[in-house]
4 protein chains.
Amino acid sequence: MPNDTRPLAISVPEPRTLDLIFTDDALKQLHARYRIVETDPEDIAGLSDEVLSHARYIIGQPPLDHATLARLPKLRALLNVESNLINNMPYEVLFERGIHVVTTGQVFAEPVAEMGLAMALNIARGIVDADLAFREGRELWGGDGNRSARLLSGADIGIIGFGDLGKALNRVLSGFRARIRVFDPWMPASILRENGVEPATLEKVLTESDFVFVVASVTSENEGFLGAKAFAGMRPGAAFILLSRAGVVDFDALMSAVESGHIVAASDVFPEEPLPLDHKVRRLPGFLRSAHRAGALDSAFKKMGDMVLEDMDLMDRDLPPMRCKRAERETVARMRSKPVTVN
Amino acid sequence: MPNDTRPLAISVPEPRTLDLIFTDDALKQLHARYRIVETDPEDIAGLSDEVLSHARYIIGQPPLDHATLARLPKLRALLNVESNLINNMPYEVLFERGIHVVTTGQVFAEPVAEMGLAMALNIARGIVDADLAFREGRELWGGDGNRSARLLSGADIGIIGFGDLGKALNRVLSGFRARIRVFDPWMPASILRENGVEPATLEKVLTESDFVFVVASVTSENEGFLGAKAFAGMRPGAAFILLSRAGVVDFDALMSAVESGHIVAASDVFPEEPLPLDHKVRRLPGFLRSAHRAGALDSAFKKMGDMVLEDMDLMDRDLPPMRCKRAERETVARMRSKPVTVN
Amino acid sequence: MPNDTRPLAISVPEPRTLDLIFTDDALKQLHARYRIVETDPEDIAGLSDEVLSHARYIIGQPPLDHATLARLPKLRALLNVESNLINNMPYEVLFERGIHVVTTGQVFAEPVAEMGLAMALNIARGIVDADLAFREGRELWGGDGNRSARLLSGADIGIIGFGDLGKALNRVLSGFRARIRVFDPWMPASILRENGVEPATLEKVLTESDFVFVVASVTSENEGFLGAKAFAGMRPGAAFILLSRAGVVDFDALMSAVESGHIVAASDVFPEEPLPLDHKVRRLPGFLRSAHRAGALDSAFKKMGDMVLEDMDLMDRDLPPMRCKRAERETVARMRSKPVTVN
Amino acid sequence: MPNDTRPLAISVPEPRTLDLIFTDDALKQLHARYRIVETDPEDIAGLSDEVLSHARYIIGQPPLDHATLARLPKLRALLNVESNLINNMPYEVLFERGIHVVTTGQVFAEPVAEMGLAMALNIARGIVDADLAFREGRELWGGDGNRSARLLSGADIGIIGFGDLGKALNRVLSGFRARIRVFDPWMPASILRENGVEPATLEKVLTESDFVFVVASVTSENEGFLGAKAFAGMRPGAAFILLSRAGVVDFDALMSAVESGHIVAASDVFPEEPLPLDHKVRRLPGFLRSAHRAGALDSAFKKMGDMVLEDMDLMDRDLPPMRCKRAERETVARMRSKPVTVN
């Protein structure tokens, strides 16, 4: 199609697929507006110069070396459809050339926030154990079943990390007239205040909350920063809800704090995934478990495609991308957590 | 104490107790501001004229006959600390004399709303069964565990009944950018609109919602008004969440609709409470159970006392009560559901 | 029309007219659903027993004596389409019989709140004088024209009175992240808190606000309660905005406080209306004037008819009115301010 | 001070001054945390290599050539304390080197939004002319003075441009239950929806709004894009409120549309500033004038210093700036409007 004037995009969304991340309608739009060249992430260098020299976008994050980048003179953006940035390309070259590297992990913010709220309400009201008791005919009625029940409304809530997940959590909490304190060292205090939350130290968030939500990314610096001391400082009976990555906590210390009865907890993420069958957390009372299901909804994946289309449309008009999140020179090296292997 | 100028209040809060509904501080205030005469509900008529002729308030809803009422010339209000009005006094006499009959059931609105939201999120994400599977080592990870998962955010939500419970539900749903339709024949459409919800027919609420919350009181007219036809009209896979009284639904029809796989459901109330051990709902998949625990939190009961104090303070100053809800001539006869026997 | 089964309503809306308070559509509905008998307020007693014995509603507040009331056995409600209650009927009889007396003054809440906010922003930014200066070629540009300019966002705001007007003000202020303190002795503190405002003493509201809005009704008890001492206690440069009735302030003291430069002010109401041509407030710098125009918008009057229709519909179904505001036994005698003579 | 380890910042904030943009406290912090070298914008090249080779930040936007930039090896950011970007440096070099260019114009968003709302309410209620009439004894009372009055509540509102100003406007409008449509070709539709506004075409915004707010920046492409045709398409009596730059409208056409009575208008910006004394807009009825005063509040300037401190703190910790707005490679050339000459 020598006269094809559509911009060219190379599609390498692995481990996603175009069908996973685009609705039928969006996929039609993608093909109508762009000339799509599909290949394997490992095979980019094998593409012809005809393709590479015209490529405006890469959907995915394939390995790229200096030589291949040099053959991509018109490249405007890599649209990474995972949440993590892999160390498989010379990012500094991309930044120098002004090639945007954007991520679509924002799509998971709303599902994760709903799961986090669900976990908090479950813990506050003992819903899982009450339903089990009911199945087995040993349920307690009315106030008798509410000895440890409490409300989220009016509670002191702490959020660790105020990126997309933290903001989405804050939004679903907006009807609960709660006092929300946030610890996020990457975020200016005034931005937190504009979002209606209180900037606070990590210690204050841990020690003065009834519910603590952890939505901080793992970086090269914060691995395991929530350990025995952190849990010991929490209010007795407070809830610790882990939604981002297991790497930010000392998981054994978390289990001990729950086992001792000092706190209760919920987690969507675990030190190993899948987890050994004999792992202690499987039967730990006071601990609510979810098998990394918080974000991975089909509706979330489908939003990735919409975001990609919206940002490519902006860049086609020589505008900067606004919908996806851009990788930053300063933090790209710190944000490299393990790639996902399961959608 | 012949010179005691404190107003006199007769305390008969059964089945509650003063200790249940007042915090320590509030109880101190009550005693500091009022001369409290405690008696059994059945023994009001046996109180001396000295007491009855001075009584300004009755805390509770004891049986009262014309003769006793005639001996209570200064009575300004009955402060009913249950949610139901019992047919044990000539209400028309109270209304004629301008004696307020107020109820404190509003304290349950927030806990019930949180439980309702918890149920909706649980159903949407399959949290109970996922935790059980995790305990037993058969959990599904990531997207594999989310085949039927969905979001509340952006969903179509129906609410049946827009009294205190409905309003509280609307409040905790405020962060979910949902479209909320309400059916409430007792409520002018313009008030619903002012609350940011859409007035709708019962049929529309049932047939165009992803989640239907039932928070309507039982009246003499709406018993069992939600039956097989109502459930059949719901969207496939939609969730039916019952929070007010079992009397408004045909419970067998509800179970059948769930059993058939057409809808999923959750309920806090049941046709009999406690429920027979062999009741089918106990093991019904797709049904989340709670043993009438949605409202009965200690913190809710304690708010009753605060409400009573605030309204007595207004009435002491010859102002109308504003904090509790007033019984109405038109509806008092319709609102008589069964008295609670358990706190 | 002997077989006319429509409920009968007597229409005496003076000083309003049906055309003022009903849209064309609403008027059609009124006539379709009700048999309307129009008469003069003074002529009610002259209506036939055929009419009086069937009358279910009176739209208006005509003088009524015991004898006429006795001839109105089926009367369910007087729907007062003014804001004030006139002392021209034995209210105690109406209350005893359970005849509702409802008012529609709520329609003015939104227009008055917008005018109040407009006044505050005008004062804060000096808009009137800046526009005048601009007309005359002596405007100051940029920061030079902003020496005394300030923001409402983040300010301390006081509201005196938290009825419909106060609530509407609170609503239009919701985007300003302001701290709002309210003084209202008729309103329980917990209700204020539920509305997101801080209950406070009159003194605190006056002394710790940048903007004070007065939306309190005149009662038999609060006449002139805001005087020289109140104004002296305000923050230097603070704004006093009067929206309800001139009777609640000592107007001379208010003018003096403005003249001295201590505070600035705006008012929609005046001790005499119309005001003498030589009244000092007409040329007082630092004072923004509005000639009782805050509420009287055509769109507000038209809402009265909608409210009347909604409440008659409820009462037709033996339900209590919910849309209009009910007069209360306790306060009816206190709420009698002068009738309006101009729409 | 050879052992001074504080990072070095060059201060050239002209036309601002450090005193204008920093509070006393902030200025103390600035000096405590940084070694500040003050100079004239024109004299940067004259600074010693000792200074230039250590400079981490430049506060201001002085002219910079390639040679000078080469002598600034540690430069991390230019913190521009105006709203505009001047074409006085090779931006492409800055972008290549990853030197951030950030602007602080966001501080004006809140004051401009309040002014815009004030203008809308003024126009809707005729406040300026009513106060003038009152001064002169020709005021109209009550409804007589409200013939053309209308509400913002429930109105159709259009916003052109959804940068910081548009978002701030949307925020102060949040209490008005208005339907808000936004035209912004630089902004993905889904982001508009997340902000609770409706994405719309320019035509729809113009033709279906009661109030149109223009907060779009002038770019090299949109000069004068709102002309006679745009105004002719507006609803009769609708209000056009200009808050960004006069360059985006055909000012003569705007005045004609107002003069003809088709629309009413308000503007904070004018084709020439200051404006000739005989300019027609000075006496044009139906037009509210403000002499470029919407943003220039002292409190806004002081926020600039806070923003600068917050972002320098992030960059000191090797994090990207988040508080100020970053110039973008794609749009830097388009965003160059005339520099301000007056604070």
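Between chain C and chain D of this predicted model, the count of salt bridges is 8. One of the pairings between these two chains joins the side chains of Glu139(C) and Arg282(D), with a distance of 2.7 Å from N to O. Side chains of opposite charge can pair when their charged atoms come close. On the side of chain C that touches chain D, the elements that give two or more residues are helix H6 (109-125), H7, helix H8 (164-172) and strand S12 (287-289) of chain C. H6(C) gives the most to that side, with 9 residues, and the residues of the side of chain C that touches chain D divide into 29 nonpolar, 15 polar and 16 charged.

How much area do chain C and chain D bury between them? The size of an interface is often given as the accessible area lost when the parts come together. For chain C and chain D this buried area is about 5,200 Å², with 56% of it on carbon and sulfur atoms. Within chain C, the residues that lose the most area to chain D are Arg135(C), Trp141(C) and Arg293(C), which together account for 15% of what that side buries. In terms of contacts, 60 residues of chain C meet 60 residues of chain D.

Arg135(A), Trp141(A) and Arg293(A) supply 15% of the area that chain A buries against chain B, which is more than any other three residues supply. Residue pairs in polar contact between chain A and chain B, both at pLDDT 80 or more, number 31.

A search of the whole structure finds 92 salt bridges over all chains. Among them is the one between Glu139(A) and Arg282(B), with the closest N and O atoms 2.7 Å apart. This pair crosses between chains, since it runs from Glu139(A), in the loop between H7 and strand S6 (156-160) of chain A, to Arg282(B), in the loop between strand S11 (264-267) and strand S12 (287-289) of chain B.

Some chain pairs, by contrast, have no contact. Chain A and chain C do not touch, their nearest C-alpha atoms being 9 Å apart, and no contact joins chain B and chain D, whose closest C-alpha atoms also lie 9 Å apart.

Which residues lie nearest the centre of the second largest pocket? They are Gly126(D), Ile127(D), Val128(D), Asp129(D) and Ala130(D), out of 42 residues that line this pocket, and the space within the second largest pocket comes to about 860 Å³. Two or more lining residues are given by helix H7 (127-135) of chain C and by helix H6 (109-125), helix H7 (127-135), strand S11 (264-267) and strand S12 (287-289) of chain D. H7(D) gives the largest share of the lining, 8 residues, and the lining residues divide into 18 nonpolar, 8 polar and 16 charged.

The last stop is the backbone. Most residues other than glycine have a negative phi, and most peptide bonds are trans. The peptide bond from Glu273(B) to Pro274(B) is cis, with omega near -5 degrees, and Pro274(B) is found in the loop between S11 and S12 of chain B. A cis peptide bond also joins Glu14(C) and Pro15(C), with omega about 5 degrees; Pro15(C) lies in the loop between strand S1 (8-12) and helix H1 (18-21) of chain C. His292(B), although not a glycine, has a positive phi of about 50 degrees, and His292(B) lies in the loop between S12 and helix H13 (298-316) of chain B.

Key. Residues are numbered from 1 along each chain as its sequence is written. Chains are lettered from A and ligands numbered from 1 in the order in which they are written. This is a predicted model: local features need pLDDT of at least 70, side-chain atom pairs count only at pLDDT 80 or more; totals for chains, interfaces and linings use all residues. Side-chain values use heavy atoms; hydrogens and water are left out. Buried area is the accessible area (1.4 Å probe) that two parts lose on being put together, summed over both. A polar contact is a pair of N or O atoms within 3.5 Å; within protein, one must be able to donate a hydrogen and the other to accept it, and residues adjacent in sequence count only if both atoms are side-chain atoms. On a 1 Å grid over the protein atoms alone, a cavity is a set of points where a 1.4 Å probe fits but cannot get out, and a pocket is an open set with protein on both sides within 12 Å along at least five of seven lines; lining residues have an atom within 4 Å of a point. Grid points are joined across faces, edges and corners, and a volume is the space filled by probe spheres set on the points. Helices (H or I, at least four residues) and strands (E, at least two) are DSSP runs, numbered from the N terminus. Ala, Val, Leu, Ile, Met, Phe, Trp, Tyr, Cys and Pro count as nonpolar, Asp, Glu, Lys and Arg as charged, and the others, Gly among them, as polar. Contact means heavy atoms within 4.5 Å. A salt bridge is a side-chain nitrogen of Lys or Arg within 4 Å of a carboxyl oxygen of Asp or Glu.
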